[in-house]
Amino acid sequence: MFGLWFRTALFLVLLASCQAPSPPTAQVRIRWARDPESLHPHTLANAMALQAVNLTYQSLLAVDAVHQRFVPLLADSLPAVRRNESASFFTYRIRSSATWDDGQPILASDVAFTLRAMRCPGLPNERMQAQYGFIQDIYISPKDARRFTLVCAPYAPDYVTLSGDFAILPEHLLDSGRILRRIPLARLDSAATRQPAVAAVIGRLAAAGLERSPGRYGSGPYRLVDWKPGQQLTLERKRAWWADPLQRTVPQLLARPQRISFQIIPDQTTALLALRRNEVDVYAGIPPADFARLQHSASDTARLGLYTPDSYEMIVAGYNTRKPAFSNALVRQAISHLINVPGILKGAVHNLGYASVGMISPHQLLFYNDSLQADTFDPAAATALLRRAGWRQTADGKWQNPAYAVSPLAFTISYRAGNAAYEFIALQLRTAAARIGITVQLQPVESSLLTQQLQTGNFDLYLRSIVGNPFAHNFIPLLHSRSTGEAGGNYTGFGSPATDRLLERLAAAEDTATKRTLLRHFQRIIQRERPLRVLYFTRNPIAITKRFTNLGLSSLSPGYEVTGFVEQPRP
């Protein structure tokens, strides 16, 4: 649910074939908060790298963000699916007009090469090996070089989209001798790399500079023309691109801007100043306080369009259920009653968010469990729950429990340093806890250190964001007992045979009715057991220069679709 290789594609009414095409957009300047670090399509170091890779490479499928559905990109249709008890099969065909920049056709053999490159030891592809390990083999049609079938593990609903969700690489440029073709996909391991010819191919892949050369090896509409790390990155529209004749009829292949310049401005104050000075055209993820200032400025609102699309990013408080104090669900429920979500929404994010009873957005009306009562800020309820859990308040106001060696009741809140919203939440919770006799320490740390603490279980309560999407509801990586430990994402340590079975059934659910029933039950269980509490879903404050229209605003990151921007004629 949380690692899809999205290229957001938007279906826009301006693209109807009966209308004249809009003129190309000259340049769009976009603020980035950090450097992408690497542009290798199989590492995707951060959201900035993902945005650049999506513009320079292509996968078989893409996402229509407006209608929240997958659509074919390099493929000419969604995959045909077959399955039996032991395997599942996904058949694709690549568009007949799809070619690499040198005119060579994009073939099924390129897909096969890409899958092998994703398996080769010694390359930066650990993430891809884990995510796409379900693809066990590929069969290329002997009658059609563009048609192929992926042979996969026993069917899971996610495979339909994941099977087409990775960047395709050109075999003829990276393995002209077709060496990797000789090795079955399942046998690409360290033993295979001892063959000199295979080792040579892996060496060429490592030396190809994929991390700094998007466009050269990608079939997307843009190529890299300039990259000054930490300052800017510029992409330029290819003059002759294979999908140019399809611009009016296949919206997901639209690419209007001739130049896209990403301005890397980590400091938020400097970024706001650049926006106001007309040095950037697009600024997404604006801090709420800065966005409020823009909203109240007549000069800014005259020049800028200000938007707040919903997102699937949720701010979460997670409990380490392995710690004695938080091993009891009643204690976790009690602490949840000390978090003042309405106050946080108003004071920390200027109401650019909305509360939720769980990990499903309230705007997903079909799946959201509206029968559950939202947690309230209620210190009296918190004290009552603590007493039910066996805690007793002593004369000095502290909480003791003879069942635990660790007392009085106290805990530490861990969160990423420099995030104003997390700081606000942590301070509010510390204040509320102190008023009923619980000592709370704050531990803001750098992002890498926080990740390390979560992976090793060295925390009491964390604050972090989790980004979901509307296409899949697989919570196994976050809450299944087998996902605990340093290699997993279940930092809370939560899980039981019953909840594990529920998550597995939910991940395998296909029909809407079953999924709805399971999701509503899932939300009820999580509210009762409280391994984590979703505080709120965020909105994405975006400012875009008004000379651009056709913005493709959506709830999926980054919240807009730059390839569709139409530039209004200057007066």
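Two strands pair if DSSP finds at least two bridges between them. The views below come from a predicted model.

**View 1. Strands β6 and β8 pair in the antiparallel sense.**
Strand β6 covers residues 88-93, and strand β8 covers residues 147-152. Six bridges link the two. Look for Phe-90: Leu-150 of β8 stands opposite this residue. In a regular strand, side chains alternate between the two faces of the sheet.

**View 2. Four strands form an open sheet.**
Read across the sheet, the order is β5-β6-β8-β7. The pairing is antiparallel. Which strands stand at the edges? They are β5 (80-83) and β7 (135-140). Each has a single partner strand, so one side of each lacks a neighbour in the sheet. Direction ignored, neighbouring strands are turned against each other by 20 degrees on average.

**View 3. A hairpin connects β7 and β8.**
Six residues make the link between the two strands. β7 and β8 run antiparallel, and five bridges join them. Helix α2 (residues 108-119) lies across both β7 and β8. Its direction is at about 155 degrees to β7.

**View 4. Strand β14 is mostly covered.**
This strand spans residues 310-319. Of its ten residues, eight are buried. β14 pairs with strand β21 (residues 532-539) in the antiparallel sense, over six bridges. Here Asp-310 stands opposite Arg-539 of β21. β14 is also joined to strand β20 (residues 461-467). That pairing has seven bridges and is antiparallel as well. Within it, Ala-317 has Leu-463 of β20 as its bridge partner.

**View 5. Helix α10 is largely enclosed by the rest of the structure.**
How many of the residues of α10 are buried? Eight of the eight are, so the helix is largely enclosed. The buried residues are Ala-329, Leu-330, Val-331, Arg-332, Gln-333, Ala-334, Ile-335 and Ser-336. Asn-328 caps the N-terminal end of α10. A side-chain oxygen of Asn-328 lies 2.8 Å from the backbone nitrogen of Leu-330.

**View 6. Helix α10 packs against helix α12.**
α10 takes in residues 329-336, and α12 takes in residues 379-388. The axes are 8 Å apart, at an angle of about 170 degrees. Angles over 145 degrees count as roughly antiparallel, so α10 is roughly antiparallel to α12. From α10, the contact uses Leu-330, Val-331, Gln-333 and Ala-334. From α12, it uses Ala-382, Leu-385, Leu-386 and Arg-388. By class, the contact of α10 with α12 has six nonpolar residues, one polar and one charged.

**View 7. Helix α10 also meets helix α17.**
α17 runs over residues 512-529. How do the axes of α10 and α17 cross? They cross at roughly 90 degrees and come within 7 Å. The two helices are therefore roughly perpendicular to each other. On the α10 side, the contact is made by Ala-329, Arg-332 and Gln-333. On the α17 side, Gln-527, Arg-528 and Glu-529 take part. By class, this contact of α10 with α17 has one nonpolar, two polar and three charged residues.

Notes: Residues are numbered from 1 along each chain as its sequence is written. This is a predicted model: local features need pLDDT of at least 70, side-chain atom pairs count only at pLDDT 80 or more; totals for chains, interfaces and linings use all residues. Side-chain values use heavy atoms; hydrogens and water are left out. Axes are lines fitted to C-alpha atoms, for helices over the stretch in contact, and angles run from 0 to 180 degrees between N-to-C directions. Angles under 35 degrees count as roughly parallel, over 145 as roughly antiparallel, 65 to 115 as roughly perpendicular and the rest as oblique. Contact means heavy atoms within 4.5 Å. Ala, Val, Leu, Ile, Met, Phe, Trp, Tyr, Cys and Pro count as nonpolar, Asp, Glu, Lys and Arg as charged, and the others, Gly among them, as polar. Buried means under 20% relative accessible area, exposed over 50%, partly exposed in between (1.4 Å probe, protein chains only). A polar contact is a pair of N or O atoms within 3.5 Å; within protein, one must be able to donate a hydrogen and the other to accept it, and residues adjacent in sequence count only if both atoms are side-chain atoms.
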